[in-house]
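Have a look at it first, then read on.

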Amino acid sequence: MKFSEMMYVRPDVEALGAFYEDAAAKLGNAETFAEAEEIFLSHEQRLAEVNTMFSLSYIRHSIDTNDAFYDAENDFADEAAPLLEEPEQHWKLAMLRSKFRPDFEAKYGGLFFTNAEIELKTFSPEIVPDLQRENALVSEYDKLVASAKIPFEGGVYTVSQLTPKKQAPEDGRRRAAWVAEGGWYLENGEELDHIYDELVRLRTEIAKKLGYENYVELGYYRMTRNCYTKEDIEAFRAAVVKYIVPLADGVYRRQAARLGKTYPMEHCDNILEYRSGNPAPQGRPEDILAQGKRFYHELSPETAAFIDVMLDNELMDVLSKDGKQVGGYCTDLLAYKVPFIFANFNGTAGDVEVITHEAGHAFAFYTARDTLPISCVSPTSEACEVHSMSMEFFAWPWLDGFFGEDARKFRYTHLSGALTFIPYGTMVDHFQHIVYENPDLTPEQRHEEWRKLSAVYMPWMKLDSIPFYGDGRHWQRQLHIYGRPFYYIDYCLAQSVALQFWAAIQADPKAAWEKYMVYTAPGGTKTFRDLVTGAGMMLPFSDAALKGVAEAASQWLENYDLTGIA
């Protein structure tokens, strides 16, 4: 079914709550496993239906935040979702306490029960109003950034539409674009500070109501961390500073030399990779999608079937336009067993990365779409990001079709970006730990903490003379900090595994793809640790793993032939 034909009906929260409560009671009274399984399958179907309605509403709202109908439905979802937490919690308790739990585990695996036990630690009925307010604040941030109208060179641009101007090869023009964007964020700085300040205080209050010292422990539970700890993340952080930062620093030193700039550089110069301009895709958005279809058709039979479903059913919205939410994401429409990709094409290399990165998520969902329970279709987020980041590297043999003559540029840019991203992503996570461990910090103190961390994780970033960026406010552009606390480290853990897939692809693409399918096929029925080790990869928590992948990538970059590329 085409996306435009999928009918949205506002969920009846009261009826759903009653259904969940009734299902929990019936499960507790079931006399046979067959009877219990029938109740379970009925619950799964209803859960898929309601989640699909919320997804349809969210997608259509993010496509056009000015649409009054879906704006209202998004507000409804912000209010309604927390109201379903308590009856859903009762269902999970019924599953955990069921005398048929061993039978369920034998047929459907045990990770559902492990995750359910973690999820029960994140909710109490008394926090429902707080959850509703939290949802509303995140939506407020999304709508504020989506509403940006930034004057530049006689035109008016959204944040996404301004991105190509911020990468212009002409120094003055590029800097002017950064100044224009920074000016908009500064004009809205008080509002951005207010939203985040309330989010931090609210999340801290929620954590204390649930019995936690601060939000950090609760944040880990909310992310369903089921196979590693805060101490593992701290060890990873230390390894990033020890091994990745020096190698990334070398990348930026070589970049400054290529540009004829003095190291360290400001944001507006670090963004430019080559004097002749950053790699850009050739052709129109339709051409990028057509090359994406060719890539997936030639990569494997599985990906060929997947991309046909996506394109035939219009399961992508990729053009940037006024009122559209910034960024990109992949979500699922469980009742139809299909994913959906949201993006903002703007003529930069990021357009190609969408058709590989977000489609990597989408392919993983499509592969595991029949998995039950539906909560195990997808693994935890760091495991999901391996799907997407690795898929980007599998696209390398098809880059000429995406970039034409710029393909040589992009290979270098892509791998160097994978390496240099890890310090930034780790810094985002470290920043959030500081914020939630010290919730009474003032907005200015938070900006100062960002500046301090930048000196550790990104020594190549000169203290900016451009307002907003030089004020330690750059973090306010990172929507995950507002909407998905503690998510960002997952990108870094995943990148460490994806770089191992990159190395495997260089050695033997066919064998690498077989490993990728071993990693992807289980969906969310295994933990991140088990997926990584099961595919023969190293976990990123050890010095050896991080050191190895970083050195392999760095050596390739140092030896890459950039002759003739200015």
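Buried means under 20% relative accessible area, exposed over 50%, and partly exposed in between (1.4 Å probe, protein chains only). With 35% relative accessibility, Leu41 therefore counts as partly exposed. This is a predicted model, where local features need pLDDT of at least 70, side-chain atom pairs count only at pLDDT 80 or more, and totals for chains, interfaces and linings use all residues. Residues are numbered from 1 along each chain as its sequence is written, and side-chain values use heavy atoms, leaving out hydrogens and water.

Leu41 sits in helix 2 (helices are DSSP runs of H or I, at least four residues, and strands are runs of E, at least two, numbered from the N terminus). Leaving aside residues up to four places away in sequence, Leu41 touches Tyr108 and Leu372; contact means heavy atoms within 4.5 Å. Pro373 is 332 residues from Leu41 in sequence, yet their C-alpha atoms are 8.5 Å apart in space.

## Helix 1 against helix 2

How do the axes of helix 1 (residues 13-29) and helix 2 (residues 33-63) meet? They come within 9 Å and cross at roughly 160°. That makes the two helices roughly antiparallel (angles over 145 degrees). On the helix 1 side, the contact includes Phe19 and Tyr20, and on the helix 2 side, His43 and Arg46 are among the residues involved.

## Helix 15

The buried residues of helix 15 are Thr303, Ala304, Phe306, Ile307 and Met310. Seen down the axis, they fall within an arc of 165°, so they line one face of the helix (the arc is that of the directions from the helix axis to the C-beta atoms). Their cover includes helix 14 (285-299) and strand 5 (338-345).

Key
Axes fitted to C-alpha atoms, helices over the stretch in contact; angles between N-to-C directions. Parallel < 35°, antiparallel > 145°, perpendicular 65-115°, else oblique.
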